[in-house]
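This briefing goes through one protein structure by topic. Please look over the sequence and the fold before reading on.

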Amino acid sequence: MTASVNGAVSRNWIAAYTDDASGLTYRDVPPLLTPRVSTNQRVSYAPAHGVTLALEGRYTGQSFLDNTGNSRFVLPAAYVTDAQIGWRDPADRLAITLFVN
């Protein structure tokens with residue numbers, strides 16, 4: 001059995017952003033689609049030679065959908081889990097993997 005985890009934490013800000021359509025300037029706002037936290041996790045198990053079972057998870061924190069910092073335009077945080085089963089032939093020439101989200 002193997003397990004792995006990785007992640008990123010960041011704090012990003014735009015010093016000044018001018019909206020072309022309205023001409024308004026926004027200061028010290030978070031950039032669009034830039035979450036503060038994102039992580040990946042994986043646990044895998046090989047019950048037999050050539051067979052692998054795994055669970056994978058991904059977390060992405062909330063992010064803004066525009067560069068104004070408007071709380072009405074927020075993509076909520078999300079966690080997604082995937083299951084995986086894989087098979088590899090003994091000669092290591094063919095592999096078949098099924099992912100389920």
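The notes below cover the overall fold, the salt bridges, the backbone angles and a surface patch.

The model is predicted. The protein has nine strands and zero helices. With a radius of gyration of 21 Å, well over the 13 Å that the globule rule gives for 101 residues, the protein is more spread out than a compact globule.

**Overall fold**

- Read along the sequence, the elements follow the pattern β-β-β-β-β-β-β-β-β.
- The C-alpha trace spans about 65 × 25 × 20 Å along its principal axes.
- Of the 101 residues in the protein, 16% are buried.
- The accessible surface of the protein comes to about 7,300 Å², and carbon and sulfur atoms account for 58% of that area.
- Among contacts between residues at least 6 apart in sequence, 44% join residues at least 24 apart.

**Salt bridges**

- The structure holds three salt bridges.
- One of them joins the side chains of Glu56 and Arg42, with an N to O distance of 2.2 Å. Glu56 lies in strand 5 (residues 51-60) and Arg42 in strand 4, so this pair ties together parts that are 14 residues apart in sequence. Arg42 is partly exposed, because its relative accessible area is 25%, which falls between the limits of 20% for buried and 50% for exposed.
- Asp82 and Arg58 also meet through their side chains in a salt bridge, at 2.7 Å from N to O. Asp82 belongs to strand 8 and Arg58 to strand 5, so the pair ties together parts that are 24 residues apart in sequence. Asp82 is buried, with a relative accessible area of 9%, whereas Arg58 counts as partly exposed at 32% relative accessibility.
- A salt bridge between the side chains of Asp92 and Arg88 has an N to O distance of 3.1 Å. Arg88 is partly exposed, its relative accessible area being 42%.

**Strands 8 and 9**

- Strand 8 (residues 78-88) pairs with strand 9 in the antiparallel sense, over six bridges.
- Ile85 stands opposite Leu98 in strand 9.
- The hairpin of strand 8 and strand 9 has six residues between the strands, and in this hairpin Asp92 takes a positive phi near 65 degrees. Asp92 is also the salt-bridge partner of Arg88.

**Positive phi elsewhere**

- Most residues other than glycine have a negative phi.
- Asp28 has a positive phi, near 55 degrees. Its place is in strand 3 (residues 25-29), and Asp28 is exposed, with a relative accessible area of 56%.
- Leu33 has a positive phi near 50 degrees. Leu33 is found in the loop between strand 3 and strand 4.

**Nonpolar surface patch**

- Met1, Val43, Tyr45, Leu53, Ile85, Leu98 and Val100 form a nonpolar patch on the surface. Together these residues have about 670 Å² of accessible area.
- Strand 4 (37-48) and strand 9 (95-100) each supply at least two residues of the patch.
- Met1 sits in the segment before strand 1 (2-9). Met1 counts as exposed because its relative accessibility is 75%, and exposed means over 50%.
- Two of the patch members, Ile85 and Leu98, stand opposite each other, with Leu98 in strand 9.

Note on methods
Residues are numbered from 1 along each chain as its sequence is written. This is a predicted model: local features need pLDDT of at least 70, side-chain atom pairs count only at pLDDT 80 or more; totals for chains, interfaces and linings use all residues. Side-chain values use heavy atoms; hydrogens and water are left out. Patches are made of residues with over 30% relative accessible area and no salt bridge: like charges are joined within 9 Å, nonpolar side chains (Val, Leu, Ile, Met, Phe, Trp, Tyr) within 5 Å. Accessible areas come from the Shrake-Rupley method with a 1.4 Å probe; for residues, only the protein chains shown count as cover. A salt bridge is a side-chain nitrogen of Lys or Arg within 4 Å of a carboxyl oxygen of Asp or Glu. Helices (H or I, at least four residues) and strands (E, at least two) are DSSP runs, numbered from the N terminus. Buried means under 20% relative accessible area, exposed over 50%, partly exposed in between (1.4 Å probe, protein chains only). Two strands pair if DSSP finds at least two bridges between them. The radius of gyration is taken over C-alpha atoms; the globule rule is 2.2 Å times the number of residues to the power 0.38. Contact means heavy atoms within 4.5 Å.
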